[in-house]
Structures are given as C-alpha cells and as structure tokens.
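Colleague: Please take one chain of this model and go through its packing closely. Then set it beside its partner and the contact between the two.

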Amino acid sequence: MGTRAAKVLYYAEMTTTLLLVEDDTRIRSALRLALADEGYRVTEAATGEQALELIADGTSLPDVVLLDLMLPGIDGLEVCSRIREHGDLPIIMVTARTQSHEVIAGLEAGADDYVTKPVDAGELAARIRALLRRVRGSGGQDLAIEVGDLTVLPGESRVLRAGAEVPLTKTEFRLLYTLAVADGAVVTREQLLERVWDYDYFGDTRLLDVHIRRLRRKVERDPGQPELVVTVRGVGYRVGGSARP
Amino acid sequence: MMSRFPLRARVMAWFSLVSLIVSGALAFATWQLATGYMIDQRERSAVAQAAGNARLVEAALRNDSPALRELLTGLAAGTESAVLLVDDGDWISGGTLVDPRRLPSAFLDMVQRGEFARQRTVLDGVPVLAVGLPVRGQAATYVEVSPMRELDRTFRFLSWTLVLGTLASGLAGALLGRWAAQHALRPLRRFTDTAAKAAGGDLGARLPTTRDPDLESLATAFNDTTERLQHRVARDIRFAGDVSHELRSPLTTMLNAMSVLQRRSADLPAETRQAIELLATDLRRFRRMVDDLLEMSRGDQDTDRSTFELVDLAGLVRAVADQHACASADTLQLTAHPWVLADRRRLERAVTNLLDNATRHGQGLVRLAVLHGADHARIEVDDAGPGVAADDRQHVFERFARGSPAERDPADGGVGLGLALVAEHVRHHDGRAWVEDRPGGGARFVIELPEVTP
C-alpha cells in the first residue's frame, strides 16, 4: 500500500494527463473516476473527431492517449494513424477485440501497447507507467551509440542518419536502443518484451513482431533484407552492421 | 441375426468353398477323361498285342509243334506278361507269374466258353490286364495277363496332382477372398477412421466424395450430419462468445466503479463495506468467467499460428511456476529441455490452469515435471488429492465440468472452465491432455506436445 501511495504521489507531481477516447459514457465515466484515483488527470473525448480536435488544438497536449478502437464516425485505427502522422504521442489502445489480425492492425496503425476489455484502472495504470518510463528518458548513459550508419542518442531519445533525424516513436526508439546497448549480442524476445514494455515472460509476441516491423520500415534501407535489426531465428534479435559505443 | 464370424472371414470362406467346388469338379472330370482314355489305349494295345501273339500260338498249335511251351515262355518274357493257354480245360502256362485260378471267375468262365474277354484286376497288389482270345480253329483260348505298373504310376501321379491342385485352388480362393474383402472394405475402413475422428471431436472430418453408387449415399449422409453438427457447435460457441463480448462493456464499468468504491471503503460504515466486499469478490469471479469464455471463444475461432514460436518448455514451465504460489523449488523437476512450437501465452495459461487445479481440487501440487516422451514433450502435474475417478477423466476437461453449485467454494475463484481451456489450448498445439493416476495416489495431469528440434 505504501509503495502504491508513493507512486501515486510521484505521478501526481508530474500531473500526467490522459486523453480517454471512449464512446460508451458509462465506461468513460467509470474509467475517469478510477484513473483519477490512480493519480491521473483525465481529459475525455467521446468520438475520434473530438479527440483529434483536442490534439490539434495543442493547448494541453496529453501525455498518453487511451484509445478505444471501436468508435462511431472515424474509427480508432484511423485516429491512431492520424495522431501518428503528427508525432510520437504515446498511444495505448483499449480494445474489445482479441483476434490476432485486429490487434496487429492496431499496432501497425501506430499504437505503442494495447489492453483488452474488461480492463480496470490498476492494469491500465501499470501499462501507462511502463510507457512513460520509456518516454521520460532512457536513464543510464548519454553516450551516442553507432549502429551501422545510424547514430543513437540516448540522452535526447533521437536517432540520426547522416545528421538527419529518423522519426521514431518512443517505443521504437526504446527497442532500437535496447538492441544497440547489447552491442551486437543477441537480445531474446522475452528480454525485449521485459525491457521495452515491462512485460514479464509472457508478453504478447505480436507486440514485439509488429514493432520490429515498424522499426525496420523506418531504419532499414531494404526492410525485406534487414541489415541493422537482424533476426536470430528462434531466439531473438541483435543489431547488425558494426555497433560501436 | 448377425453372423458370429466377421465379414472378412465369411468372404474368405465363400471364395475358398466356391473355388474348391469348381476346381474339384474340374479335377474329377479330368480324372475321368484321362483315366478312361489311357485305360482304353492300354487295353487296345494289349488286345492288339495279344491278338498277334495268339496268331503265333495258333500256328504252333496247328503244327502241333512240340515247342509250344517254349513259345509261350518266350512270349511271356517278351511282353513281361504271363501267358496262358487253355486247351480242353487244361491250363498251359508260360511264365510263372500268374496262377490262372486267381483270375476273376467271370473272366475265366468267358475264357473257358471260348469267348473274347478282357478284365482288369489286381494280383498280388499289382494291377493287371487279362485278355482272353479264342484261338482260331482250335478248341483253345489264348490268355495274356500283362501288368499295368506304368499306367498305375501315371494314375497315382495324376491323382496326386489333381488333389494338390484342388487344394491349392481352394487356398488361392481364400487368399483372393481376403484380398477382395480387403479391397471392398477399404472405403468402409476410411469411413470408420473418419467417424472415429469425428467422434474424437474433429467435426471438420469429412468422407471423400465418391461416385460409387453403393457408398455415395452413406458418405453424403455422414458428411451432412457432421456438417450440421459442426454448424450447430459453431453457433453455440459463437453465441457464448457474443454474450461474453457484450458483457465486456458493463464489466469494465463495474470493475472501475468498484475500484473507486473499494479505495474509499475505509470511510464507509461496516455493513456497506461488507456488502462492497461481497460484490467485489463476485465481480472478480464474474470477470474471470468472462475472460475464460472469451479466451475459449477466441480459441475456437482463432486457428492462425502466427503467434507460434520456438519455446524452451522447461523455461516456460519455470516462468509459470515462479509466478504461482503453489509451486516451490522442490516440486520442480525440470531436467529435460525439450523444444516445442507454441503460442507462449496460451501454453502458459494451460500450465497455470493445471497448477490452479492442483491447488483447488488436488490438495496441493506434489510435482511439476518436464520430460522427453517418444518424440513428444511432456508436462506432468502431480497433486496430493484423491485422484480422478476413471469415469470422470474425460468429463473433467469439458466446459463447466464441476460439482453442483452447492459444492462450489465461492472464494476459490474457479468458474469451471480451467481444464476445458487446458484441453482447448493443448489441442491448438496439436497436443494431448489427459489425467491418470499418480503412482502412490493422487492425480497426474499430463500435457503432451509435439517436440521439435530447434
């Protein structure tokens, strides 16, 4: 109980703002109440249009978007892609669907993580905390790491190629950084799920697979023939090329 | 009434019998024709030879040659025959082979009357042919008795050949019958296999379409039945899935409203607090049930294997055990390290559910082991409970298979889907799950998965 209270306090200080996009009024209200108890400030949106307006407005950008995929009007996938077009705002999708292709579609659209209904505020808070840890600095070293022709800057959470920034989301950056720190050694799938998403042994491998795909699309010259993020079949991944700290 | 013998044996017997009768009849006819012809030929030549010899004897008699006896002896030696001459009722014999009085009396009568006669008989175990010819112009009859050893040997050989041939044909008939039965029963065997598969739960099993008019209606009827059954099962499952799906939204509201209430329960009167606790407990159970049902309906629909990966089974079991209260280090036996292709999350769920089951119904876990089987990887979960009665062993893996509601412990959180999910997830991995007796008492739940080499 003590640690929980401390965490609540810690995040309350940072006044993390959540944008809760959910069309069901009752769920929205209950989640708002419970998330407020967890120490978050909650902004609500009942439709995708509303959510996009709030974000475009730009006056009070949320720290994390909680996005229901089933929305009237513009659906959640569309909202997700549009938010991604404008930046790397962390998104957790809240889905009632668990079919593989639906989860994958949501992740492909740019979500950083997902939870399935029924979900309670405690579980959501755990996912939010893990996500914010990746957003708020990688901690540890600030030295640049070179992966092939990429320069990974942990301090700024940025990746450069020949001086130009490669736009990555925080999760994609964290994934690349985790692999880069291993310096060419293999990082297992379980380790990646744990270090990037804070999942235990049983994280959803689809989460990892889709993010690896997304990362490769952004950093590889030929995503079909990856040279920087290399698969080690049956084990995990490692950075290719010459990774030098 | 059903015959006591299987169809295959009956077909074999009939083929064999028919074949025996046909080949037996043929053999009999062959025997009749061949023996008749050969005896006829032999008799003809014997008569011709005797007629020639009789003319010599006639000449000798006419000249009243004193050398008659020598002639007879000579003839007897030349033809390997016994030669006799009846002259006025006296027997003059050339060669000592045959005592004339041992020839059949009917033959002797005819000879003595001076008529042509021939007779087959057996003397001292030797088949012989006796030919009697009246000697022209003399009151005498010439008799020649020639043995038929050669012919007898031929007959014996022929008879053996025919008997063996008949038997061989009967045997061949039986083999043909067996082949025919097997051939004719092949579609039936396929039918049996398919029906067994369908009975085993694979309602997707279908008989191949056939143009054979004898089988078509059966195949069509079977396929229609399983198809209807499959649809019905799918509809039921979809319904359960839809219901659980619809429950997600209110459940999300309830769970979150409840957490708000619980957080403030310290400020509430004792009765209210108690009521909230009751609600919270049942809400947790409710949630678990909906989760399980959703998992179940997803398992039924989700057939894709894109989430499958190479998994070190011992590592997975260890990870599950680490999270589970009931598994201590001394219950773990992870000596083998088989690899399997698996959806880690589902397999984790299956093992977790078995551990839950051991805790709830098995009075605690005794042993959790990972082993190599014959090309299968095995997980064994042993408990200290009373075991599962043989009649219930299939039943426990069915959905909502548990005691009556009165026996349920509301605090245990079980909703009766745990083992059904185990079966479901293991089937998804092309594996098997079952329960048996643990040596020394208690139940042993076993999961068997196809092992792969990484």
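**Chain B, its partner and their contact**

Modeller: Take contacts in chain B between residues at least 6 apart in sequence: 63% of them join residues at least 24 apart. The model is predicted, and what follows is read from its coordinates. Chain B has 454 residues, of which 29% count as buried. Its secondary structure consists of 9 helices and 12 strands.

Start with two helices of this chain, H1 (residues 7-62) and H4 (residues 149-199) of chain B. Their axes come within 7 Å and cross at roughly 160°. Since an angle over 145 degrees counts as roughly antiparallel, H1(B) and H4(B) are therefore roughly antiparallel to each other. The crossing of H1(B) and H4(B) is right-handed. By class, the residues of the contact of H1(B) with H4(B) are 21 nonpolar, 14 polar and 3 charged.

Helix H7 (residues 313-323) of chain B packs against helix H8 (residues 344-361) of chain B at an angle of about 55°, and the two axes are 10 Å apart. That angle makes H7(B) oblique to H8(B). The crossing in which H7(B) passes H8(B) is right-handed. On the H7(B) side the contact is made by Leu316(B), Val317(B) and Val320(B). H8(B) contributes Arg344(B), Leu347(B), Glu348(B), Val351(B), Thr352(B) and Leu355(B) to this contact. Sorted by class, the residues of the contact of H7(B) with H8(B) are 6 nonpolar, 1 polar and 2 charged.

Among the strands, consider Arg120(B), which belongs to strand S3 (residues 117-123) of chain B. Arg120(B) has 16 C-beta neighbours inside 10 Å and so counts as partly exposed; the buried class would need 20 or more. Leaving aside residues up to four places away in sequence, Arg120(B) touches Pro127(B) and Leu129(B). Glu43(B) is 77 residues from Arg120(B) along the chain, and the C-alpha atoms of the two are separated by 9.2 Å.

Near the end of the numbering listed here come strand S11 (residues 432-437) and strand S12 (residues 443-452) of chain B, which run antiparallel and are joined by 6 bridges. Within this pairing, Ala433(B) has Ile447(B) in S12(B) as its bridge partner. S11(B) and S12(B) form a hairpin, with 5 residues between them. In the turn, Gly440(B) has a positive phi of about 95°.

Now the partner. Chain A has an open sheet of 5 strands in the order S2-S1-S3-S4-S5, with parallel pairing. Strand S2 (41-45) and strand S5 (113-116) of chain A stand at the edges with a single partner strand each, so one side of each has no neighbour in the sheet. Direction ignored, neighbouring strands of this sheet are turned by 20° against each other on average. Strand S4 (residues 91-95) of chain A pairs with S5(A) in the parallel sense over 4 bridges. In this pair, Tyr114(A) in S5(A) is the bridge partner of Met93(A).

Another open sheet in chain A has 3 strands, ordered S10-S12-S11, and its pairing is antiparallel. Its edge strands are strand S10 (187-188) and strand S11 (229-232) of chain A, each of which pairs on one side only. S11(A) runs antiparallel to strand S12 (residues 236-239) of chain A, and 4 bridges join the two. Here Val232(A) has Gly236(A) in S12(A) as its bridge partner. Helix H7 (residues 170-181) of chain A packs on this sheet and touches S10, S11 and S12 of chain A. The direction of H7(A) makes about 75° with that of S12(A).

Last, the contact between the chains. It joins 24 residues of chain A with 27 residues of chain B. On the chain A side, the elements that give two or more residues are helix H2 (25-37), helix H6 (121-135) and helix H9 (205-219) of chain A. H2(A) provides the largest share of that side, 7 residues. By class, the side of chain A that touches chain B has 11 nonpolar, 6 polar and 7 charged residues.

Conventions
Residues numbered from 1 in each chain as written. Chains lettered and ligands numbered in written order. Predicted model: local features only at pLDDT ≥ 70, side-chain atom pairs only at ≥ 80, totals over all residues. Axes fitted to C-alpha atoms, helices over the stretch in contact; angles between N-to-C directions. Parallel < 35°, antiparallel > 145°, perpendicular 65-115°, else oblique. Left-handed = near helix turned anticlockwise from the far one by under 90°. Contact = placed C-beta atoms within 7 Å. Nonpolar A, V, L, I, M, F, W, Y, C, P; charged D, E, K, R; others polar. Pairing = 2+ DSSP bridges. Buried ≥ 20, exposed ≤ 12 C-beta atoms within 10 Å, placed from the backbone.
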